[in-house]
Amino acid sequence: MSTIDKQRIAAIRKLEQLGYTFAGDDWIHSASDAAVVAPSITDELHAMLVKRADDLEGCPAGSDEERELAAIERAIGAYEAVRWPTGKVAGGKG
């Protein structure tokens, strides 16, 4: 393993120890960000994005809809990493 690989692994471990999560294509600090966002509002927006993503499922490759779906999927992933950092919903089935 090269030195740069060891540095990358160490950097990732350090970011995770500091409470950061990688979502979409950026690191976010879920410990403080989740407390700032009002869950009732953001959960409703999340549901709307999930519905729109479902509506776009199966769209033609290379279309504007495919690009929109990709952007929505990134937004959903980033939100879920902050909202449910352990991947589980309290009292949920998963």
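**Before the views: one term.** A polar contact is a pair of N or O atoms within 3.5 Å, and inside a protein one of the two must be able to donate a hydrogen while the other accepts it. With that in hand, here is a tour of this predicted model.

**View 1. The whole chain, to get your bearings.** You're looking at a protein with 4 helices and 2 strands. Of its 94 residues, 16% count as buried. The protein exposes about 6900 Å², and carbon and sulfur atoms supply 57% of that area. Take the contacts between residues at least 6 apart in sequence: 44% of them join residues at least 24 apart.

**View 2. Helix α1 and the glycine that follows.** Helix α1 covers residues 3–17, which makes 15 residues. From its first C-alpha to its last, α1 reaches 21 Å, close to the 21 Å expected at 1.5 Å a residue. Just after α1, have a look at G19, which takes a positive phi of about 95°.

**View 3. S63, in the loop between two helices.** S63 sits in the loop between α3 (39–56) and α4 (64–83). What does the side chain of S63 reach? The side chain of S63 gets to the backbone nitrogen of E66, at 3.1 Å. S63 has 13% relative accessibility, so S63 counts as buried, the cut-off being under 20%.

**View 4. The largest nonpolar core.** Five residues make up this core: A53, L56, L69, I72 and I76. Helices α3 and α4 each supply at least two of the core's residues, and the largest share, 3 residues, comes from α4. As a bit of background, nonpolar side chains in soluble globular proteins tend to be buried together. Zoom in on L69 and you'll find that L69 touches A53, L56, E57 and C59, leaving aside residues up to four places away in sequence.

**View 5. An aromatic pair, Y79 with W84.** Search the whole structure and you find 1 aromatic pair. Are the rings of Y79 and W84 stacked or edge-to-face? Their centres are 5.9 Å apart and their planes stand at 85°, so the pair is edge-to-face; planes over 60 degrees apart fall in that class. Y79 is also buried, because its relative accessible area is 18% and the cut-off is under 20%.

Conventions
Residues are numbered from 1 along each chain as its sequence is written. This is a predicted model: local features need pLDDT of at least 70, side-chain atom pairs count only at pLDDT 80 or more; totals for chains, interfaces and linings use all residues. Side-chain values use heavy atoms; hydrogens and water are left out. Buried means under 20% relative accessible area, exposed over 50%, partly exposed in between (1.4 Å probe, protein chains only). Contact means heavy atoms within 4.5 Å. Accessible areas come from the Shrake-Rupley method with a 1.4 Å probe; for residues, only the protein chains shown count as cover. The expected span of a helix is 1.5 Å times one less than its number of residues. A nonpolar core is a set of buried Ala, Val, Leu, Ile, Met, Phe, Trp, Tyr and Cys residues joined through side-chain atoms within 4.5 Å. Rings of Phe, Tyr and Trp (its six-membered ring) pair if their centres lie within 6.5 Å; planes under 30 degrees apart count as stacked, over 60 as edge-to-face and the rest as tilted.
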